[in-house]
Amino acid sequence: ARLRKAEEMDKFYIITNRDKDQNLRFTEEIVQYLKDHGKKCQVQQAERKTEGTYHYTDPELIPEGTQCILVLGGDGTLLQASRDVVHREIPMLGVNLGTLGFLAEIDKPSIYAALDKLFADDYEIEERMMLTGTVWRGDKIIGQDVALNDIVLSRKGNLRIIHFNVYVNGTLLNSYEADGIVISTPTGSTAYNLSAGGPIVEPTASLVVITPICSHALNTSSIVLSAEDEIRIEIGEGRHGRSEEMYISFDGTDTREIVTGQTVTIRRSAMITK
């Protein structure tokens with residue numbers, strides 16, 4: 001949904017990827033521009049964490065009353081930041097300092113014009129749906145995370161196809177022999193889903209796309225489901241009853257191992273990215 005703004009923005013928070021702005025010169029220019037226009041601003045550097053709950057950004061550091069988070073980096077930075085701060089429900093504006101920006105739509109030369117529009121109360125907020133993926137061993141949850149782009153199950157190790165059974169709302173939808181499977185949001189339709197042959201979807205729509213990766217079958221197309229459907233994926237046995245090992249990843253990161261006998265359920269998250 002596209003929502004009309006609520007108020008003029010004057011309290012900002014910047015998440016900047018130091019790998020893309022190594023000397024923080026551009027970040028400092030943005031901070032100065034905001035201050036010159038009487039706005040409040042704080043900065044947090046986005047550095048990959050190897051321990052703890054959050055990937056780049058600790059949302060507890062974001063001051064109460066923050067009206068907009070400027071994410072300086074690229075699509076990867078924006079994806080990680082969105083998952084870290086989603087509980088705060090603060091609108092985000094991505095500024096692309098990298099090479100490709102589907103999500104971080106503003107480039108460096110356009111940032112000042114974009115900020116001027118925020119100052120002038122001339123903007124709209126888009127709400128993007130997210131997915132929650134849960135890994136089960138029997139009836140016990142052994143892992144859970146959210147994704148703005150996609151949740152991907154892919155093979156581990158040797159080049160061999162994996163058997164998947166995909167259920168929707170408890171009913172078998174299809175069985176696949178493939179390298180993996182992509183469960184994508186509309187936002188993620190231009191990411192791995194597109195590379196795997198899936199459709200491009202209007203990003204503010206409410207639906208889920210299932211796309212097999214290198215399926216070992218003819219005419220295996222993507223399937224588009226309602227955002228309200230629950231998807232369950234079973235990882236089947238390999239040849240001669242062998243236990244298969246796979247990876248599940250959320251937005252291309254936060255990868256964990258899953259094996260035959262475990263299941264993954266995927267459904268629309270209660271959280272959204274603005």
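# Reading a predicted model, feature by feature

Mentor: Thr-255 lies in strand 18, residues 253-259. Strands are DSSP runs of E, at least two residues, numbered from the N terminus. This is a predicted model, where local features need pLDDT of at least 70, side-chain atom pairs count only at pLDDT 80 or more, and totals for chains, interfaces and linings use all residues. Residues are numbered from 1 along each chain as its sequence is written, and side-chain values use heavy atoms, with hydrogens and water left out.

Trainee: Is Thr-255 buried, partly exposed or exposed?

Mentor: Buried means under 20% relative accessible area, exposed over 50%, and partly exposed in between, with a 1.4 Å probe and protein chains only. Thr-255 has 46% relative accessibility, so it counts as partly exposed.

Trainee: Which residues is Thr-255 in contact with?

Mentor: Contact means heavy atoms within 4.5 Å. Setting aside neighbours within four places in sequence, Thr-255 touches Tyr-247, Ile-248 and Ser-249.

Trainee: How many disulfides does the structure hold?

Mentor: A disulfide is a covalent bond between the sulfur atoms of two cysteines. The cut-off is a pair of cysteine sulfur atoms within 2.5 Å. The structure holds 0 disulfides. Cys-41 is in none, and its nearest cysteine sulfur belongs to Cys-68, 9.9 Å away.

Trainee: In what order do the strands of the open sheet run?

Mentor: Two strands pair if DSSP finds at least two bridges between them. Here 5 strands form an open sheet, in the order 3-2-4-5-6, with parallel pairing. Strand 3 (40-46) and strand 6 (106-107) are the edge strands, each pairing on one side only.

Trainee: Over how many bridges do strand 5 and strand 6 pair?

Mentor: Strand 5, residues 92-96, pairs with strand 6 over 2 bridges, in the parallel sense. Val-95 has Ile-106 of strand 6 as its bridge partner.

Trainee: What is the nearest side chain of opposite charge to Asp-229?

Mentor: Lys and Arg count as positive, Asp and Glu as negative; His and the chain ends are not counted. A salt bridge is a side-chain nitrogen of Lys or Arg within 4 Å of a carboxyl oxygen of Asp or Glu. Asp-229 is buried yet has no salt bridge; the nearest opposite charge is on Arg-267, 9.0 Å away. Asp-229 sits in the loop between strand 15 (223-226) and strand 16 (231-235).

Conventions: Helices (H or I, at least four residues) and strands (E, at least two) are DSSP runs, numbered from the N terminus.
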